[in-house]
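Please look through the sequence and the model below before reading on. The notes that follow go from the overall layout to the sheet, then to a helix and the core.

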Amino acid sequence: MVESSPAARMPRGLRKEKTSVAKDKHRSRRQVFRAIHALIERDGDYCSCCRRPFRNNDVTFGGVMMTGEVAVTGECCAPKIAVRHTIGFYLDAAAVTAARVRYYH
Ligand SMILES: [Zn+2]
């Protein structure tokens with residue numbers, strides 16, 4: 001398991017060797033954020049790994065997997081993300097609207 005090895009946890013400047021996987025995993029932050037944003041716009045209603053549809057108030061994790069792919073996952077596949085960049089919530093607009101209607105009427 002590369003992700004739990006001490007070398008993977010060391011700060012970037014202290015790491016001795018760089019494998020191709022590590023190079024992919026540690027892309028620039030801006031690049032990853034842009035990819036996460038595009039992924040959410042394109043296919044944001046499902047976990048990127050297992051395709052489970054997100055429910056209202058699900059916690060989501062965005063980052064880069066060991067394969068170098070950018071993913072936005074739920075708690076189901078959170079351990080598959082090697083370098084985590086974002087944590088968020090999935091809000092279902094219909095569920096939020098329904099809750100507001102119940103509250104105000
Ligand atoms: Zn999943």
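**Notes on the predicted model**

1. The protein chain has a secondary structure of four helices and three strands, where helices (H or I, at least four residues) and strands (E, at least two) are DSSP runs numbered from the N terminus. Read from the N terminus, the elements follow the order α-α-α-β-β-β-α.

2. Two remarks on reading the model are needed here. Residues are numbered from 1 along each chain as its sequence is written. This is a predicted model, in which local features need pLDDT of at least 70 and side-chain atom pairs count only at pLDDT 80 or more, while totals for chains, interfaces and linings use all residues.

3. The three strands make an open sheet in the order β2-β1-β3, with antiparallel pairing; two strands are said to pair if DSSP finds at least two bridges between them. The edge strands are β2 and β3, each of which pairs on one side only, and from one strand to the next the twist averages 20 degrees.

4. Between β1 and β2 the antiparallel pairing runs over four bridges, with G62 opposite V72 in β2 and G63 opposite A71 in β2. These two strands form a hairpin with four residues between them, and G68 in the turn has a positive phi of about 95 degrees.

5. Which way do V70 and V72 point from β2, and which way do A71 and T73? V70 and V72 point one way and A71 and T73 the other way, and all are buried, a residue being buried if 20 or more other C-beta atoms, placed from the backbone, lie within 10 Å of its own. In a regular strand the side chains alternate between the two faces of the sheet.

6. Helix α3 (residues 29-43) packs on the sheet, where it touches β1, β2 and β3, and its direction makes about 55 degrees with that of β2; axes are lines fitted to C-alpha atoms, for helices over the stretch in contact (C-beta atoms within 7 Å), and angles run from 0 to 180 degrees between N-to-C directions. Of the 15 residues of α3, the number buried is one, so this helix lies largely in the open.

7. The largest nonpolar core has eight residues, namely I36, F61, V64, V70, A71, V72, I81 and A82; such a core is a set of buried Ala, Val, Leu, Ile, Met, Phe, Trp, Tyr and Cys residues joined through C-beta atoms within 7 Å. At least two residues of this core come from each of β1 (58-65), β2 (70-73) and β3 (81-90), and β2 gives the most, with three residues. Of the 105 residues of the protein chain, 16% count as buried.

How values were computed: Buried ≥ 20, exposed ≤ 12 C-beta atoms within 10 Å, placed from the backbone. Contact = placed C-beta atoms within 7 Å.
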